[in-house]
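Thanks for coming, everyone. Let me put the structure up, and then I'll walk you through it.

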Protein chains: 4
Amino acid sequence: MTPLDVTDVVAVRRDLHAHPELGFTEIRTAARVETALRELGWRVRSGADVVDPAGHPGLPPAAVLDAAAERARAEGVPADQVARLSGGRTAVVADLDGERPGPRIALRFDMDALPIAEVDDPGHVPSRDGFASRHPGVMHACGHDGHVAVGLALAAALSSRDFPGSVRLLFQPAEEGVRGAEPMVAAGVTGGVDVLVAAHLAFGLPSGVLAPSATELIATSKHLARFTGRQAHAAKAPEQGRNALLAAATAALNLHALPPFAGAVTRVNVGRLEAGVAANVIAGAAELAFETRADSADVAAELARRADVVVKAAAQMYETGVDLVRTGHATAAHTDPSVAAALTAAADGLAQVRATHPLGASDDASLLMRAVQEAGGVAGYAIVGSDTPGPPHSPRFDVDDAVLPVAVTWLERAVKGGIW
Amino acid sequence: MTPLDVTDVVAVRRDLHAHPELGFTEIRTAARVETALRELGWRVRSGADVVDPAGHPGLPPAAVLDAAAERARAEGVPADQVARLSGGRTAVVADLDGERPGPRIALRFDMDALPIAEVDDPGHVPSRDGFASRHPGVMHACGHDGHVAVGLALAAALSSRDFPGSVRLLFQPAEEGVRGAEPMVAAGVTGGVDVLVAAHLAFGLPSGVLAPSATELIATSKHLARFTGRQAHAAKAPEQGRNALLAAATAALNLHALPPFAGAVTRVNVGRLEAGVAANVIAGAAELAFETRADSADVAAELARRADVVVKAAAQMYETGVDLVRTGHATAAHTDPSVAAALTAAADGLAQVRATHPLGASDDASLLMRAVQEAGGVAGYAIVGSDTPGPPHSPRFDVDDAVLPVAVTWLERAVKGGIW
Amino acid sequence: MTPLDVTDVVAVRRDLHAHPELGFTEIRTAARVETALRELGWRVRSGADVVDPAGHPGLPPAAVLDAAAERARAEGVPADQVARLSGGRTAVVADLDGERPGPRIALRFDMDALPIAEVDDPGHVPSRDGFASRHPGVMHACGHDGHVAVGLALAAALSSRDFPGSVRLLFQPAEEGVRGAEPMVAAGVTGGVDVLVAAHLAFGLPSGVLAPSATELIATSKHLARFTGRQAHAAKAPEQGRNALLAAATAALNLHALPPFAGAVTRVNVGRLEAGVAANVIAGAAELAFETRADSADVAAELARRADVVVKAAAQMYETGVDLVRTGHATAAHTDPSVAAALTAAADGLAQVRATHPLGASDDASLLMRAVQEAGGVAGYAIVGSDTPGPPHSPRFDVDDAVLPVAVTWLERAVKGGIW
Amino acid sequence: MTPLDVTDVVAVRRDLHAHPELGFTEIRTAARVETALRELGWRVRSGADVVDPAGHPGLPPAAVLDAAAERARAEGVPADQVARLSGGRTAVVADLDGERPGPRIALRFDMDALPIAEVDDPGHVPSRDGFASRHPGVMHACGHDGHVAVGLALAAALSSRDFPGSVRLLFQPAEEGVRGAEPMVAAGVTGGVDVLVAAHLAFGLPSGVLAPSATELIATSKHLARFTGRQAHAAKAPEQGRNALLAAATAALNLHALPPFAGAVTRVNVGRLEAGVAANVIAGAAELAFETRADSADVAAELARRADVVVKAAAQMYETGVDLVRTGHATAAHTDPSVAAALTAAADGLAQVRATHPLGASDDASLLMRAVQEAGGVAGYAIVGSDTPGPPHSPRFDVDDAVLPVAVTWLERAVKGGIW
């Protein structure tokens, strides 16, 4: 594994794009981050010191975690690093003190990819330029590759310590499924933080636009329902089966039929359904992964309650058991005016500024933001516009490399400005 | 791999039960069969000479076939045998001439297992006696382990050539999914056969009962529907998705709502549904495996047509594409009176005889039977009763070892009787 | 209302066909029957003496019963007859003693029509010949018009008393929905009956064929589910609604997805669904009428139990209430051999005899048959074949007038033969 | 019918509340309006001069229109008025010129009720005070009774002509189902109008609040789908049926599963489903009334297109025909700033003013507004807050009588102020 030149933000982004890793398995990514930050002189903590997802219902099964460790080793990550970062402990936190007093500013960069198979055609830049995903069925389809590259370039830009206060960089696992922030908060990574900023690429804004203050960062819960029915021969004894596939299919359709709520933004999606083994066997088991979202905590709670009712009634309808767990969550969040003001000032002359930008989406950065805000600090969620050839979470998604240096400069200026 | 003592029918059955292999991947099983038959002096053909499923829509993907070959090697099958039997070419056909003239009698033994995880508790005999499946998620839940053991013991019993005519043993892959018989027929294995008998264990009859003539051996088609929608971010751009998961769920529910047909036995089952990747992505792809069955060819054709209509309308409803293939099929079949008579005579004094037994199930032995019958021969489908602790295709299924020698004797007597 | 000439079986049938009446509202029909039987010298009982459906969950609402009475009066039925026969008390029972000793033979004739709008085109005989239904939306689409005409012509043929034993004619209301036989049994109309015969026209047999012994007369339950949700403005407050329409639609789909039972004939049908008031209001109420059938009492009970589970789970899924009642039922039944023998003898030379005929349908004559059989008598269910231009319960159904005299002769011979 | 004292706005409202009439059948209401306005000296046009809904797909069937005319006569409306206003021609338009020059101001008042059965309990004011609906199953559950009363009281208040310009009062039928405005626009009622104001009671605002400028007045289409399948006997010939009930149920569920659109407010509701005739008949016909809504014309068009796709695919799935018509529609609309300013000024000191109020609902006043705006005029949609014991379109809805005089004063001041 060639060491990264973190000042070449485009090259770093492309290296990461070619090696996407799913939530809690970002071992190669975290290892590269950890190594680079140490070389830049930052105080680095990683693994169990900054995240412990053991027992988290959103943690992948042991076999998946083991396979990830195996692959990381095969891709050249030293065994001691793999050991430290495996088991879902893929967070990295780095601190650096500025040369003069000031607040402690934390910046969040999420690292994980999605279980999507990237397209392969000449019109797709990663295909054309040879940095498409080398991990079949896994893809950076939400720009987190760019986030990590920006975070490392920022670390380089700040390594001269020419800024007030101190800076903490939070490299977070498993933002997809909103799983990674919660155990980082539990590990205390927001302790002593005065200002927290999370920035996200693209999100509907084109290249050349910066939005210092996103709105409609909405609450979400991710759920996993496991239906347990009874297998039987589909022709000889259909009445002896308890059909978990039909229970899950009925739940899926009726979850999508949950009503909108007046005056609120709500979302329900059943994103994965797996049931049964073969055409001639009544399906004895089924699994459903779904999410609910809302732009207020009250509506989010009521929507999650109703989803629960639908799933349990579907199980009852087919006389199956069902086990229902919440695998991840994020809350609704807002950007504090002082953070918006500082980011607006820092954007001056750099790009066009969009004063506000409604997201209608979720990020568990919201949990980090809330932790800081509840402790008396301020927080913000900003967008760095980027043209994308396909929508986020689609096989044609990609970010515009040209915006990466802009993002670095914007955050660098904001840190150095120090006017939160 | 210790050689089998094929005269110990129970030991052979238990060895096979511990090493179940899915359709078209029965390499270890076919290798054991081939080796044993050669040692007994039978003329043996195997692999491409007797089956060529290349291009068959029910053939597993190359990766699965390769993994099966790899496992067979790991379990001790010699490399040349693996090479001959891999790629789905897992059929074995053996001939032996009797010492006096007479008809050519073929007997069919199917070899494959099911994608079902066997129970593991002390009350389950395979657990108790240590021959439970060593292949996770795969299980002999339909008695084919017993069929192969009976076939080999019969080969031993006949090796003295003390019978009229000649005998052909057909060891068939992939009866589950009704896929294996068709390419064996295409390879000509029924050529010159005067009488064909297929026998199946259990099928609703208890130990101590033999049924020489099953009825309601029904026609079936197995189908695979692949829906192609469009992935999108479930919160940011739900309207840009084309939801393949909901298309498949709607198809599943409405396939099960297809009406019964007056005066006919019909069955529809959606046995497997896999869709989507994660809770926060609109599912862009889905796969549905289902079957239709009927006890007459006309009703079977109409039912399959209607299933097709439902699947295509579900795709249209969600504006997804859909690819629909028939992965396997069997026809309706009946036992010729002369075969029933010969088997009835052979059962005399051996067990209680049930003159007829309605199955309400399918077996692609029907395709072999039809090939023989259309060429002027006769055929029959017989049941060897066996107590079973759970229904067929369920995780608790097992056959009663005590009936295996009875089955061997029954078939041996029938062959030696020669009165077809 | 011109008096009927009951010896003109075709004219009577056509008069009744033109004036179809739904179950428990057969006032005009019962009045015509009562009047004609009295004129023929039979001892006639009617109304509350022979049926009392008060409180029966399958009784139409008072407004419907009142409208029926009003229409009967408008069509010329005398007020005292209307009074006697209204309120659902539309049964007529008539007795006549033969001139020599013998058993008491009861024959059942059902009188009600269906809520189906008859087709109106020149190819439809009732349209062509001017006896199509004059009651919009109601139609004799199951041949009960023919049954009543045959019953009356039989009464005329037997009025000379030239037969052994005694005869009781049972004119039954509300066979559709299997509601009318139960309260007749409760009123004691099977008391003292030695032999009971019910005959039905058509049922899949062509003109010129008689079947003395139907099989697969299957058990059924009719159910009414009333869902109570909460209305709300569909745009302003969708989340405040509790959607009874979707609860009912989900119940309907999943009731149809109930599995078949191995070795049994089963049927499920949701035949009527009414929900909601207007496009812009979340539906607060819904009503579902459905039936379950099976050819054995055990399977029928299990199937009805599962239907119950589905309906209640659908209500739970949408957080609505649900009220579920059984509005009618029939049991499985068989024809006693002695009855089959007598009917077979009586058919000699009259038409082609089909020894047995599987129905796969239900008739609450089965409750009368069971009452007689449990009291030590015998019973039978016979079919008089008739060509029909459309299937039963379809808008094109009609019976073949030519078979009506054959039916009369057959039953007359059987009664006179007296060899049960 | 006692003449109305239109200055007693509460009494008029209660008279109308007790006699609710569905869209296009508001004969009694329109007659009272017409009579009162003539008595006040306004120039009145009504019937075919101001609306002609003949051929409109949302017009009720002739039998319903006839029954409405019959009831109006029975309730005392003179025959000539009934004749003029029947056949759906229930609009009334009245003009009055002020005593000095100025713009022509039109005000819209809708008159129709909903097919909802009003609650009957002592806590419901209409029950308590004896003005609950006397028309079973019909109810003023959206405040239009109040609108008409306010319109008439305003007519009285303006009859002194002490205002600039001229005033046109538009009493509109069939706002529910958004059907009545279109034929009024077609009849030219907006000709020469400079300013159009529509005011609605309640809509989520409490008593004591006035909102001069509603937002999120969203586009909507109302649709009627009629499925034509094939009836058949549910037990004897289920396969011969084509199940329109299941087609409609599948359409209903999947219409509700249509996705939300990012950045838009969307609504889908299936509000009425009627299918089939009886439990033992496969349903041959079904009817579905549904609506789609969106806050932009583009999204509304796409949503309606997708609804169309779902309905047609459901028909295809069950091999039924389907006839799909748009029975009504409204567009998205906004209040012009000058109208908002005038209404704000007029509210001064009268009540608390809410500068803006998002509706998330539809009103075909939007078609009148668009007609005026496209001809160079201005328009506005205002809300008069009112406490309500239940949500709109629910059986407990009622308006607060106390706000009616406030509404009259507000509009009177706005007209007299004349500063549009």
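Helix α2(A) is mostly covered, with 10 of its 13 residues buried. Buried here means 20 or more other C-beta atoms within 10 Å of a residue's own; 12 or fewer makes it exposed, anything in between partly exposed, and C-beta atoms are placed from the backbone.

Before going on, a word on the source. This is a predicted model, where local features need pLDDT of at least 70 and side-chain atom pairs count only at pLDDT 80 or more, while totals for chains, interfaces and linings use all residues. Residues are numbered from 1 along each chain as its sequence is written, and chains are lettered from A and ligands numbered from 1 in the order in which they are written.

Back to α2(A). Which residues are buried there? They are A:Ile27, A:Arg28, A:Thr29, A:Ala30, A:Ala31, A:Arg32, A:Val33, A:Glu34, A:Ala36 and A:Leu37. The helix covers residues 27–39 of chain A, and its end C-alpha atoms are 18 Å apart. The expected span is 1.5 Å times one less than the number of residues. After α2(A) comes A:Gly41, with a positive phi near 90°.

Next, the domains of chain A. The assignment gives domain 1 (9–218 + 332–417) and domain 2 (219–329). Such bounds come from an automatic or database domain assignment. Taken over C-alpha atoms, the two domain centres in chain A are 32 Å apart. Their contact takes 10 residues from domain 1 and 14 residues from domain 2.

On to how the chains meet. Chain A and chain B each give 51 residues to their contact. The largest share of chain A's side, nine residues, comes from β10(A). By class, that side divides into 28 nonpolar, 15 polar and eight charged residues. For the classes, Ala, Val, Leu, Ile, Met, Phe, Trp, Tyr, Cys and Pro are nonpolar, Asp, Glu, Lys and Arg are charged, and the others, Gly among them, are polar. A rotation of 180° with 0.0 Å of shift along its axis superposes chain A on chain B, at RMSD 0.1 Å. Copies are superposed by least squares on the C-alpha atoms of residues with pLDDT of at least 70 in both. 100% of the interface residues of chain A are also interface residues in chain B, so the copies meet through the same surface.

Chain C is another partner. Here 20 residues of chain A are in contact with 20 residues of chain C. α8 (244–256) and α9 (297–317) of chain A each supply at least two residues of chain A's side. The largest share, six residues, comes from α9(A). That side has 13 nonpolar, four polar and three charged residues.

How does chain A superpose on chain C? By a rotation of 180° with 0.0 Å of shift along its axis, at RMSD 0.1 Å. The two copies are thus related as by a two-fold rotation axis. In chain A, the C-alpha nearest the axis belongs to A:Ala313, 2.6 Å from it.

C:Glu319 has a positive phi of about 55° although it is not a glycine. C:Glu319 lies in the loop between α9 (297–317) and β13 (321–330) of chain C. D:Ala174, also not a glycine, has a positive phi near 50°. Is D:Ala174 buried or exposed? D:Ala174 counts as buried, because it has 31 C-beta neighbours inside 10 Å.

Definitions and conventions:
Two residues are in contact if their C-beta atoms, placed from the backbone, lie within 7 Å. Helices (H or I, at least four residues) and strands (E, at least two) are DSSP runs, numbered from the N terminus.
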